[in-house]
Amino acid sequence: MSFDNAYESLLGGEDAHWAFGTGFSEALSGVNREFPAGVDREALAAYCLMLGDDALIFSQRLSEWCSRAPELEEDIALANIALDLLGQARMLLTRAGEVLGRDEDALAYLRDEREFRNVHLAEIDCGPGPGGDFAATIARLLVFSSWRLALFSRLRGSADPVLAAIAEKGLKELAYHRDHAAQWTVRLGDGTDESHRRMQAGLERVWPFVDELFATHAVEVTLTGVAVDPASLRSEVDGVLEAVLNAAGLTRPTDTRAARVAGMAGRDGVHTEAMGYLLAEMQHLHRSLPGAVW
Amino acid sequence: MADDLERRFERTVQSEARIEPRDWMPDGYRKTLIRQIAQHAHSEIIGMQPEGNWISRAPSLRRKAILLAKVQDEAGHGLYLYSATETLGADREDLTLKLIEGRQKYSSIFNYPTLTFADVGVIGWLVDGAAICNQVPLCRTSYGPYARAMIRICKEESFHQRQGYELLMTMMRGTQQQRDMVQDSVNRWWWPSLMMFGPPDAESTNTEQSMAWRIKRDTNDELRQKFVNMSMPQAEALGVTFPDPELRWNDERGEYDFGQPDWDEFWQVVKGGGVCNEQRIAHRRKAHEDGAWVREAAVAHAAKHARKEGAA
Ligand SMILES: [Fe+2]
Ligand SMILES: [Fe+2]
């Protein structure tokens, strides 16, 4: 670029894809997007929404830290993680949309709370603010990324080539997220009395939402060979968490079970009270201007 | 001896060569630079807030990603610049305290509120645009680490500006409500953007010495004129107008004539009376104070680790 006229590039004709583009057409170019024979498409869409909503809603929560992190370096790191997850969400919602005939924005902005399929761990308020603090945020990130990394490493073998490609791409990102969270867990567990106390409290805050991560849903049963049964991930994830908590000198909380509502939870579209406010904020502008283009 | 050093410094600066951290430099040069770079760093960090205000509500996932990445870039700009001050012997923690205690300033533009999503585009176009006009000359400034930081920052600012302009172009192709939103936003940001170049030359202090040191390279009024000249064709292409009845092409001068911003409002905002001054500082202070235990823990852990390594 020229430094003499900051504006000269503005009117050039290269308006396509100079920004982030769609973010997935490039990332997944060359991937066969046809649906594999014999796959239940409705179930595939539901499954993509589950994994996509997990990423979208957790990304929304993480981005609340922007300009509020303890250090500039950490502000940048949390934004990176939020961006990775947003990218995963967009690819997954787009895949769901190929079945449902809706685009990523229609799915993100025009579904109501009962239609969102994310786990509760993604939506609860862990701070900044009264809902938690940096330790609770790290505790959630540790659990979420350890679980999702295990899930994506299995999902690489999915019979759906798009899901397999999304998993392949996401794997490196999630390994970084888990590593980042593990390092902070150790630092905070080991650092000062206050940080140890807060990190332990952070674990207690998120642990009731752990069981839900490993509960097999009917959709996952339907999609044998396409979806991953989360129950099969439990011992691997437990082992990872155990190792990190040991290194940090922290105690594994015993309270793992938040009761379901009439047997239902996030995967069934039954959420916590925090979810309505999160969606109200996220969706209001898009819904306020029907027909607008962004 | 001191005269020799001083002469060599003068020669280096006048020949447009770079002063590097280990070179001798006059005290006044060092102090002026620290103040200028720190204020610039503070502006990047405080500048995260007005646009950060819209991340959670961005109306499409693509715009959400672009906005989050942009605000993240600003944190990176703050980091490069604080690092440049550290090569002059300053300390990030100390400068942050000066910011949150109101002892150092940041760009006053960020004391204006972002009220609609169009503001995200207009800030990219006009505010990042004005920042680029101010900063491009600094890529040739005499202090090496500052000049190099500015080259990188200017490239990224230019990308922000294109993103902002593209958002506005898209909105102008949308509904009438969106077009009205863009025009309203331009009406609110035009004058504050012109104020970003600082008070008129006749009232500006420090300029002469900074020009001699090659820390500053153009006067406020020169840069302001340049910005107006560049912005007009952009506004026409976009289909918006600027709220200045005196704005018109002057054939004789070969430049645009334009009116003066309300300098009373400018000074009022600079002195703390803007809509968001208190909010911006309180936000920054809260993040810094809430994060204190985390930074302490990181230091304590590193120290324990170092002791263990030493013992082993
Ligand atoms: Fe910047
Ligand atoms: Fe910028």
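Residues are classed as buried under 20% relative accessible area, as exposed over 50%, and as partly exposed in between (1.4 Å probe, protein chains only). By this criterion, C133(B) is buried, at 7% relative accessibility, and C48(A) is buried at 0%. The model is predicted, so that local features need pLDDT of at least 70 and side-chain atom pairs pLDDT 80 or more, whereas totals for chains, interfaces and linings use all residues. Residues are numbered from 1 along each chain as its sequence is written, chains are lettered from A and ligands numbered from 1 in written order, and side-chain values use heavy atoms, without hydrogens and water.

No disulfide, defined as a pair of cysteine sulfur atoms within 2.5 Å, was found in a search over all chains. For C133(B), the closest cysteine sulfur belongs to C154(B), at 9.8 Å, which is too far for a bond.

Beyond four places in sequence, L56(A) is in contact (heavy atoms within 4.5 Å) with residues including L86(A), F116(A), M282(A) and L61(B).

E64(A) lies in the loop between helix 1 (41-63) and helix 2 (72-100) of chain A and is partly exposed, at 21%. Residues up to four places away aside, E64(A) touches G127(A) and P128(A).

Methods. Helix = DSSP H or I, 4+ residues; strand = E, 2+ residues; numbered from the N terminus.
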